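Visitor: Can you walk me through this one? Keep it brisk.

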Amino acid sequence: MNCLSPSILSADFKILGEQIQQLDEAGAQYVHIDVMDGEFVPCITYGMPLIKSIRDCTERMFDVHLMIEEPIRYINDFAKAGADIITVHAEACKHLDRTIEAIKEKGLLAGVAINPATPVSAIIPILGKIDMVLIMTVNPGFGGQKLIPYTLDKVRELKKLLKEKGLKADIEVDGGVTLENVEMLLDAGANVIVAGSAVFHGEIEENVHRFLDILNS
Ligand code: DX5
Ligand code: ZN
């Protein structure tokens, strides 16, 4: 199934709860929550307290993207705060396998993200253990960037690899996704689509409907 995961990084935080309800009512399946630590990426965003406080705004899946060093230290806390999917960066984990185990032990879905310059081959050994691969289509750290075209080849490569191995992980793409390029990403093999500025700039519900029309066509 194709899912839309709007990134609240581009939301208006003074009315965040209302905007999350708008996403829900418009039919977005996930809420993408970008956690940044000022180490793995330059920015610092938000963490457990925010997730806890928006947890009762919606029953939609909380898709938590951890752009933090050694996320294994915080898996329990993010699980307690209300995450449904926790995605960690392969580049940020000394012990990626152990980190995935920690997520699965909490009964959550586990995702692994790779930066544009990290090859798909880096995650081959753990492909059978995870629920989702996040192919970053920009360098992580900021919303509103332009999609890097070669990352589409990585989506195609991963799709082919999963098929060859008979595995069923979701393929998520994140960064620079717009109503104009989303079809290309779906064609390449992505099925979980993150969009920040393309959802929150302008009319949220209308933007979600437009994305879902393409995702469901
Ligand atoms: C970037 C974040 C993204 C970001 C996407 O590091 O992981 O989720 O919010 O924003 P847009 O869709 O504006 O590129
Ligand atoms: Zn993200």
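Guide: Start with a strand pair: His 89 stands opposite Ala 113 in β5. This is a predicted model, where local features need pLDDT of at least 70, side-chain atom pairs count only at pLDDT 80 or more, and totals for chains, interfaces and linings use all residues. Residues are numbered from 1 along each chain as its sequence is written, chains are lettered from A and ligands numbered from 1 in the order in which they are written, and side-chain values use heavy atoms, leaving out hydrogens and water.

Visitor: In which sense do β4 and β5 pair?
Guide: Parallel, over 5 bridges, with β4 spanning residues 85-89. Strands are DSSP runs of E, at least two residues, numbered from the N terminus. Two strands pair if DSSP finds at least two bridges between them.

Visitor: How many residues of β5 are buried?
Guide: 5 of the 6 in β5, residues 109-114. Buried means under 20% relative accessible area, with a 1.4 Å probe and protein chains only.

Visitor: Switching to the metal. What are the protein donors of the zinc ion, ligand 2?
Guide: His 32 through NE2, Asp 34 through OD, His 65 through ND1 and Asp 174 through OD. They lie 2.0 to 2.3 Å from the zinc ion. Donors are N, O and S atoms within 2.8 Å of the metal (3.2 Å for Na, K and Ca); water is not among the atoms, so sites may look incomplete.

Visitor: And what geometry does the zinc site have?
Guide: Octahedral, with 6 donor atoms and angles of 69 to 169°. For six donors, that label needs opposite donors over 155 degrees apart and all others between 65 and 115. Ideal octahedral angles are 90 or 180 degrees.

Visitor: What spacing do the donors follow along the chain?
Guide: H-x1-D-x30-H-x108-D. Asp 34 in β2 (residues 30-36) and His 65 in β3 (residues 61-67) link distant parts of the chain, 31 residues apart.

Visitor: Are those two buried or exposed?
Guide: Asp 34 and His 65 are both buried.

Visitor: Now ligand 1. How many residues surround it?
Guide: 20, counting a residue if one of its heavy atoms lies within 4 Å. Among the closest are Asp 34, Asp 174 and Gly 141.

Visitor: Which polar contacts does ligand 1 make?
Guide: Such a contact is a pair of N or O atoms within 3.5 Å. A polar side-chain atom of His 32 lies 3.4 Å from a ligand oxygen. For the His 65 side chain, the distance is 3.3 Å. A backbone N or O atom of Gly 176 sits 2.8 Å from an oxygen of ligand 1.

Key: Four donors count as tetrahedral if all angles lie between 85 and 135 degrees; four count as square planar and six as octahedral if opposite donors are over 155 degrees apart and all others between 65 and 115; anything else is irregular. Helices (H or I, at least four residues) and strands (E, at least two) are DSSP runs, numbered from the N terminus. Buried means under 20% relative accessible area, exposed over 50%, partly exposed in between (1.4 Å probe, protein chains only). A polar contact is a pair of N or O atoms within 3.5 Å; within protein, one must be able to donate a hydrogen and the other to accept it, and residues adjacent in sequence count only if both atoms are side-chain atoms.
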